[in-house]
Amino acid sequence: MDAFIIDAIRTPRGRGKAGATLSELRAVDLLGGLFTEMAQRFDGLDSYADDTLIGCATQVGDQGANIGKAASLMAGWAHSAPAATLNRFCASGLSATAMMAERAAIHGVVTVAGGVEMMSRTPMLSDKGAMFMDPEIARKLGAMHPGVAADLVATQFGFSREDCDAYAALSQERAAAAQDAGRFRSIVPVRNAAGEVILAQDETIRRGNTAEKMAALDPAFVKAGEGRDGDTVRALFPDLGPLNHVHHAGNSPAMADGAALVVLASEAAAKRHGLKPRARIISTAEANVAITQIGAVEATRKALARANMSADDMDLWEVRDSFAAVTLHYIQQMKAPMDKFNVNGSSIALGHPMGATGAVLVGSLLDELELRGLRRGVVAITGAAGVASAAVLELVD
C-alpha cells in the first residue's frame, strides 16, 4: 500500500468519570487541541488535506453532529477542509486510519484520521442504540453487554479469574514503568481555555494494583449474565453450562477521555508537500465475528496475509485490552510472545476512550518501534458486536 504515516499524536488519557480532570472540556475542545497542534507542525495542512475521518463511538450530545468537522472548525481549520465522523464501536479510530490511508494511496493525497471519546461527559450507551437498549432488537441480533461477552470468552476457552488478574496486574506494572521512563512520546499535553496545562500524562494507571488486591473484587457482570444477556447466551450455547464470571473493574478496560490524530500521505503527496514519513502502512483489514469480542484475531490474520507476512515477522504488538480474557485469547491464537506484546501496558491500565483508542495505538506502536530500533509491528483492536480492525506498520529509514 502506498500510504505513509507522517505523524501520530494523542492527548493523555483522563479518567472517564464525572468530575475527572478532563471533564471540564468538551469533546470539540479536546480533539480541537490536536488539530491545532498538527497545524503548527505542518503549515497549511488544512488547505491541502484531502479529507479527515474521526472515530467516535457515542455520537450524541457533546459528541454529536459530526464531531470531527466541529473540532477542526473550533481549531481554526478552513471551512473548505472536509471532515466526517465514523462509528465502528471501539475499532472506530483504527478503522478511520485505515480508510484514510486507502484514500491517500488511491488518490495520491494527504489525509487525516483519528478519534475522540469523552466518557466523563458522554458515558457508554448514552446514544441508547437499539442494538443494545431495545430488548426485542437485542434479542433478535444476539447482542449483549460487552462484559458478559467477555465472560463468555473466558468460559468457552478456559481462562480463569487468576489468569485474567495476573495479566491485568502485568498491564498496570508495564504502564507505570513506561510512564516513569517517558516512553509515551506521542502525548500532547491538554490545556484549558486559559492556556494552562491541566493534564500532561495518562491518569488512568492504577499503580500497585496487584493480582492479590484484585482477587478481593466482586465480578462485575453477574447480574447482567443472569438477565436478558444470560438468556441470549443460553439460547445460542445451550450446552455451555454456567458462565464463569471472571471480569471486574480491575481486569476490564478503564473508561477514559482521550483523542488522537494521525496524518497520512501517499509517497508522491509527501514529497509534494515536503513531509517526512515516519512509517509505511503495509496492510489493513477489518473483520467481524458473532457475539464476542474476539474479532481482532481474524482481522490480524487478514492483515498479515495481505502483507504476505506471518506473526513471526512482527517485532511488536499493540493490541487493545478488550477485557483480560479476550486479550489472553488473542495472545493464545496469534502465539504472540509476551516480551513483544503490549510492552507498555494497554487499555486495562492506560484507559479506553472508545472512538480514539485505535488511533492512539498507532502512535504508541511507532514510538516504541523507534525507541527500540525495531522495524515492524501490528496494531489491532476489537469491540462490541464482534467488530475488529488491524494494521501492519513498518518504520521507514
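Why is helix 14 (residues 324-334) largely enclosed by the rest of the structure? Nine of its eleven residues are buried, so the helix is largely enclosed; buried here means under 20% relative accessible area (1.4 Å probe, protein chains only). The model is predicted, with local features requiring pLDDT of at least 70 and side-chain atom pairs counted only at pLDDT 80 or more, while totals for chains, interfaces and linings use all residues. Residues are numbered from 1 along each chain as its sequence is written, and side-chain values use heavy atoms, with hydrogens and water left out.

The buried residues of helix 14 are Ala324, Ala325, Val326, Thr327, Leu328, His329, Tyr330, Ile331 and Met334. Their cover includes helix 7 (146-157), helix 8 (161-180), helix 13 (295-306), strand 10 (316-319), helix 15 (347-350) and strand 11 (376-382). Helices (H or I, at least four residues) and strands (E, at least two) are DSSP runs, numbered from the N terminus. Just after helix 14, lysine 335 has a positive phi of about 55 degrees.

Helix 13 packs against helix 14 at an angle of about 35 degrees, with the axes 10 Å apart. Axes are lines fitted to C-alpha atoms, for helices over the stretch in contact, and angles run from 0 to 180 degrees between N-to-C directions. In this pair, Ala296, Val297, Thr300, Arg301 and Leu304 of helix 13 are in contact with His329, Tyr330, Gln333 and Met334 of helix 14, contact being heavy atoms within 4.5 Å.

Elsewhere, the axes of helix 1 (residues 27-41) and helix 3 (residues 67-74) come within 8 Å and cross at roughly 60 degrees.

Technical notes
Buried means under 20% relative accessible area, exposed over 50%, partly exposed in between (1.4 Å probe, protein chains only).
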